[in-house]
Structure formats: structure tokens, C-alpha cells
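I am keeping short notes on what I look up in this model, one topic at a time.

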Amino acid sequence: MKTELSLKFEFSAFHSLSVREEPHKHLWKVEVRIQGSPIGGMLVNMTEVRENIEVLLSQLESSYLNQNPTLPKEVQTSPTCETLGSYFYFVIGDMLQHNFFPRNPSLCLSSVEVTICEENGFEWGSAKLYSTLNDPEN
């Protein structure tokens with residue numbers, strides 16, 4: 001039986017884009033979904049995974065994403081839901097592979113969704129990146 005965990009996070013950071021060049025602050029929401037088969041009643045230690053992801057996101061908190069040295073240049077050039085989602089998907093997938101896969105080889109990163117919001121909570125939209133392994137068309 002497959003199980004899917006959903007972990008939700010938030011951080012605040014500034015960015016600028018070609019359509020709005022002045023730096024401005026947003027609330028960014030990140031939802032990470034991990035799936036696999038539980039071992040001993042647990043897919044993965046959620047506390048450990050959460051701590052790993054929180055370290056990643058803490059490097060972005062209150063920063064100007066366009067100049068954050070943690071991010072690759074292509075993300076700094078255009079820090080959007082899509083580029084951040086791609087970055088998170090790669091980094092979190094790598095973290096799962098190295099830190100948690102040895103304990104549960106069935107683990108896989110199902111998806112990463114990044115939502116951009118105004119500080120008052122209004123959601124502009126989101127981008128969801130997912131493995132094509134989970135795509136019924138493949």
C-alpha cells in the first residue's frame with residue numbers, strides 16, 4: 001500500500017521581476033509531498049524531514065531572493081514559483097535520497113508546490129512540480 005505525506009511550510013522573502021522591478025515582499029508557501037510504503041507503521045520520520053526542509057528555507061527567510069547566494073543564478077535571475085519549485089524539487093529530492101532512502105527505499109518525492117501570496121494572505125497562484133513517474137500519461 002502506498003502512503004503520501006504532505007508537509008507545509010512558509011517563509012517571507014523579497015524579490016523583483018521584469019514586470020515589477022522594485023523589490024517587494026511576499027509570503028511564500030511550500031507544500032512537499034512524499035510517498036512510499038510505510039515500514040514499521042511509518043513512511044519516514046516527519047520531524048527529521050521537516051527539520052531538514054526548515055534549514056533549507058531558513059536560508060531564504062527575509063532575504064532578497066534575486067541576490068541570495070544560496071540560490072542558483074537562474075533562480076536569482078527570476079525568482080518565481082516555477083523556478084523556486086524546481087530548485088526545491090531538486091534539493092529536497094536529493095536530501096531524501098541521501099538522508100532517508102537508506103532507511104526506506106520506497107520513498108520518492110511526489111511533488112513540490114510553491115504558492116506566492118501577499119503579506120495579507122491573498123494567494124496570487126502556485127506552481128506544482130511533480131515526478132513524471134506519477135503522471136498517468138507516462
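**Entry 1: strands 3 and 4.** I looked up valine 114 and found that alanine 127 in strand 4 stands opposite it. This is a predicted model, and I keep that in mind for every entry. Strand 3 and strand 4 run antiparallel and are joined by seven bridges. I then checked how the chain gets from one to the other: these two strands form a hairpin, with five residues between them. In that turn, glycine 121 has a positive phi of about 100 degrees.

I also asked how many residues of strand 3 are buried. Eight of its ten residues are, so strand 3 is largely enclosed by the rest of the structure.

**Entry 2: strands 2 and 3.** Next I went to the other partner of strand 3. Strand 2, residues 20-36, pairs with strand 3, residues 108-117, in the antiparallel sense over nine bridges. I noted two facing pairs. Glutamate 31 has glutamate 113 of strand 3 as its bridge partner, and leucine 27 stands opposite cysteine 117 in strand 3.

**Entry 3: strands 1 and 2.** I counted bridges here too: strand 1 and strand 2 are joined by 14, and they run antiparallel. They form a hairpin with two residues between them. Leucine 5 has isoleucine 34 of strand 2 opposite it.

Entry 4: I put the pairs together. The four strands make an open sheet in the order 1-2-3-4, with antiparallel pairing. Strand 1 (3-17) and strand 4 (123-130) are the edge strands, since each pairs on one side only. From one strand to the next, the twist averages 20 degrees. I reminded myself that strands of a sheet pair through backbone hydrogen bonds, in parallel or antiparallel fashion.

**Entry 5: serine 16.** Is serine 16 buried or exposed? Its relative accessibility is 9%, and buried means under 20%, so serine 16 counts as buried. Its side chain makes a polar contact of 2.5 Å with the side chain of tyrosine 64. Leaving out residues up to four places away in sequence, I listed what serine 16 touches, including Glu22, His24, Asn66 and Pro79.

**Entry 6: helix 1.** I moved on to the helices. Helix 1, residues 46-58, lies across strand 1 and strand 2 and runs at about 10 degrees to strand 1. I checked its length. At 1.5 Å a residue, its 13 residues should span 18 Å, and the end C-alpha atoms are 18 Å apart, which agrees.

Which residues of helix 1 are buried? Val49, Ile53, Leu56 and Leu57 are. They cover an arc of only 95 degrees around the axis, which puts them on the same side of helix 1. I looked for what they face: the buried residues of helix 1 pack against strand 1, strand 2 and helix 3.

At the N-terminal end of helix 1 I found a cap, asparagine 45. A side-chain oxygen of asparagine 45 lies 2.9 Å from the backbone nitrogen of threonine 47.

**Entry 7: back to helix 1 and on to helix 3.** Helix 1 lies across strand 1 and strand 2. Helix 3, residues 81-99, also packs on the sheet, where it touches strand 1, strand 2, strand 3 and strand 4. The direction of helix 3 makes about 150 degrees with that of strand 3.

Technical notes:
Residues are numbered from 1 along each chain as its sequence is written. This is a predicted model: local features need pLDDT of at least 70, side-chain atom pairs count only at pLDDT 80 or more; totals for chains, interfaces and linings use all residues. Side-chain values use heavy atoms; hydrogens and water are left out. Two strands pair if DSSP finds at least two bridges between them. Axes are lines fitted to C-alpha atoms, for helices over the stretch in contact, and angles run from 0 to 180 degrees between N-to-C directions. Contact means heavy atoms within 4.5 Å. The expected span of a helix is 1.5 Å times one less than its number of residues. Buried means under 20% relative accessible area, exposed over 50%, partly exposed in between (1.4 Å probe, protein chains only). The arc is that of the directions from the helix axis to the C-beta atoms. A polar contact is a pair of N or O atoms within 3.5 Å; within protein, one must be able to donate a hydrogen and the other to accept it, and residues adjacent in sequence count only if both atoms are side-chain atoms.
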